[in-house]
Amino acid sequence: MDASKRIEHEIGGLKNDALRFGLQGVKSDIVGSHPLESAFQSAIVREEDMKRKMLANTYGSAFPLKQEFDRKILSRFQRPPGLIPSSMLGLESITGTLEDFGVEDYLQGVHDTETMRVPDMHHGMEVRVGISKGPVHPSFM
């Protein structure tokens, strides 16, 4: 494609296409998350760090490294873009979140709605590889 006919969607590193990426809010860029949410996230990180240290003291320093490698491998495993979302079952079983019952488990997911457009698998793979920009698929009609 000729470079003069190509329209850039990112100007100065910012995503300026409001129809593809949504409206940009200045407040969300300046103000962080809620203090309780940040405290909860830091508690989770602290708990994982303590668990990692305990495993290193009990089983040796190689065991937490092996678990981290397994976590990284399983977090990269995904289905191609399409109607069936990736469940990340292996990652959930390793991290222990398989037993957690969240809001997304009992409320209707986005992929189950009747107004959902069928995603284009080719465009989704182009976005994942970096050839095309934008969301993987348009969500609603």
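Helix α3 (residues 35-59) and helix α4 (residues 62-76) pack with their axes 7 Å apart and at an angle of about 130°. Two packed helices are described by the angle between their axes and the distance between the axes. Here the axes are lines fitted to C-alpha atoms over the stretch in contact, and angles run from 0 to 180 degrees between N-to-C directions. The pair α3 and α4 is therefore oblique, a label for what is left once angles under 35 degrees count as roughly parallel, over 145 as roughly antiparallel and 65 to 115 as roughly perpendicular.

A word on the ground rules: this is a predicted model, in which local features need pLDDT of at least 70 and side-chain atom pairs count only at pLDDT 80 or more, while totals for chains, interfaces and linings use all residues. Residues are numbered from 1 along each chain as its sequence is written, and side-chain values use heavy atoms, with hydrogens and water left out.

Which residues bring the two helices together? On the α3 side R52, L55, A56 and Y59 meet F63, P64, Q67 and E68 of α4, where contact means heavy atoms within 4.5 Å. By class, this contact has five nonpolar, one polar and two charged residues. Nonpolar covers Ala, Val, Leu, Ile, Met, Phe, Trp, Tyr, Cys and Pro, charged covers Asp, Glu, Lys and Arg, and the others, Gly among them, are polar.

A search of the whole structure finds one aromatic pair. Y59 and F63 form this pair, which is tilted, with 5.2 Å centre to centre and 50° between the planes. Rings of Phe, Tyr and Trp (its six-membered ring) pair if their centres lie within 6.5 Å; planes under 30 degrees apart count as stacked, over 60 as edge-to-face and the rest as tilted.

| Residue | Relative accessibility | Class |
|---|---|---|
| Y59 | 58% | exposed |
| F63 | 32% | partly exposed |
| R71 | 26% | partly exposed |

R71 lies in helix α4. Leaving aside residues up to four places away in sequence, R71 touches L91 and T95.

Turning to the whole chain, 9% of its 141 residues count as buried.

How values were computed. Buried means under 20% relative accessible area, exposed over 50%, partly exposed in between (1.4 Å probe, protein chains only). Helices (H or I, at least four residues) and strands (E, at least two) are DSSP runs, numbered from the N terminus.
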